[in-house]
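Student: I have a protein model to study. Can we go through it by question and answer?

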Amino acid sequence: MPTGRAGVPASTDGPATAESHPSRMWPVPAWLARAAGWIWRLLLLAAALYVLLWTLGRLRVVLVPVLVALLLAALASPVSEWIARRGVPRIVGAWIVLVTFVALVGAVVWMTVVGVGNQLGDDEQWADVRSEVRTWLSDGPLGLDRDEIDDLEDRVVGSVRDGFTTLDTGRVRLVVEMTTGALLAVVLFFFFVKDGPSMWGWVVGRFRDDRRGVVDRAGRKAFSALAAYMRGVAFTGIVDALAIGLALWIIGVPLVVPLAILTFFGAFFPIVGATVVGALATLVALVVNGPTDALLVAGVTLAVQQIEGDVIMPLVMRRQVSLHPAVVLVALAAGGALAGIMGAFVAVPITAMAVAGGRALREPPSDDP
């Protein structure tokens with residue numbers, strides 16, 4: 001074996017070659033290295049987003065009432081500020097707003113329950129409706145025989161009975177969550193109206209002096225966008241109520257005013273609100289006027305829902321909160337896919353707040369204190 005200086009064996013490996021270092025023979029392309037860097041960062045971001053959404057889902061019992069109270073406070077902010085400018089103490093103004101809101105909702109619920117209950121509580125009328133529906137199913141376009149009609153009736157009655165009599169753990173928990181959430185939203189709504197400026201002042205005070213102005217401006221812009229969104233939803237509800245009320249009046253369905261008022265409030269709850277009110281109006285038309293008018297009411301309700309979701313809502317939101325109709329539709333779809341009805345309810349206002357706040361953060365600082 002050859003030896004080197006001082007008897008140390010000399011290395012027989014020779015100089016490094018491409019065969020001894022395959023990475024030098026097959027270097028990683030620059031585009032692949034950049035793509036791999038983007039991929040692992042995107043995966044990390046997706047994991048963090050998943051954890052965040054999971055956490056928000058676990059806290060929905062608290063977060064949903066907070067968001068609902070904030071939306072109501074934004075809707076009532078013009079009234080509360082008008083009362084405050086008249087020299088009325090904020091606590092008195094908050095009580096006035098709260099009592100007015102509760103009274104308005106209570107009056108609508110009372111009118112609806114009493115009116116619809118009286119209209120739908122006649123057993124003889126229900127017997128006539130049952131007879132008319134069976135006749136329409138047999139002599140109408142479906143042409144069902146007696147056994148098929150009996151089977152269909154048993155299925156419908158069984159489904160309704162199970163829906164009202166079956167109380168599993170999930171439904172009980174849902175009822176409890178909705179009740180506690182409604183109470184928490186009402187209490188937070190009162191405090192937001194009463195102490196909203198001082199609460200926001202405390203939040204701004206947590207930042208450094210050189211950042212307080214920017215944060216304050218961004219927060220006010222975001223809240224203004226939220227108030228504008230609620231005004232847009234209120235306008236959409238008025239349009240829906242007028243359209244549904246006019247259609248019910250033309251068809252000859254009773255309880256036009258309560259159903260139109262319910263349509264207005266249903267506009268604040270995307271998807272479920274219009275569906276529930278439309279089903280109620282269809283039921284009233286079925287009991288009072290018969291299957292033909294009920295189908296007409298259902299068709300008008302579906303048409304108004306489509307026009308609202310695809311035309312009126314995006315256009316109004318674009319004017320009120322400077323969001324493109326495509327952004328509004330995507331936000332509604334994403335919110336509904338991620339969190340169901342409540343996700344669709346808060347998706348657009350959250351998007352509007354984020355856009356307005358981000359735009360304010362990018363604006364150059366002003367000299368005003």
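Student: What percentage of the 369 residues in the protein chain is buried?
Tutor: This is a predicted model; local features need pLDDT of at least 70, side-chain atom pairs count only at pLDDT 80 or more, and totals for chains, interfaces and linings use all residues. Residues are numbered from 1 along each chain as its sequence is written, and side-chain values use heavy atoms, with hydrogens and water left out. Buried means under 20% relative accessible area, exposed over 50%, and partly exposed in between (1.4 Å probe, protein chains only). Of the 369 residues, the buried share is 28%.

Student: Is Val62 buried, exposed or partly exposed?
Tutor: Val62 sits in helix α3, residues 60-85. Its relative accessible area is 47%. So Val62 is partly exposed.

Student: How far apart are the C-alpha atoms of Val62 and Glu177?
Tutor: Along the chain, these two residues are 115 residues apart.

Student: Why are α8 and α9 called roughly antiparallel?
Tutor: Axes are lines fitted to C-alpha atoms, for helices over the stretch in contact, and angles run from 0 to 180 degrees between N-to-C directions. Angles under 35 degrees count as roughly parallel, over 145 as roughly antiparallel, 65 to 115 as roughly perpendicular and the rest as oblique. Helix α8 (residues 209-251) and helix α9 (residues 256-266) have axes 7 Å apart. They are therefore roughly antiparallel, given their angle of about 150°.

Student: At what angle do the axes of α3 and α8 cross?
Tutor: These axes come within 8 Å of each other. The helices are roughly perpendicular. The crossing angle is roughly 80°.

Student: Which residues of α8 make the contact with α3?
Tutor: Contact means heavy atoms within 4.5 Å. On the α3 side are Leu70, Leu71, Ala73, Ala74, Leu75 and Ser77. On the α8 side are Phe223, Leu226, Ala227 and Met230.

Methods: Helix = DSSP H or I, 4+ residues; strand = E, 2+ residues; numbered from the N terminus.
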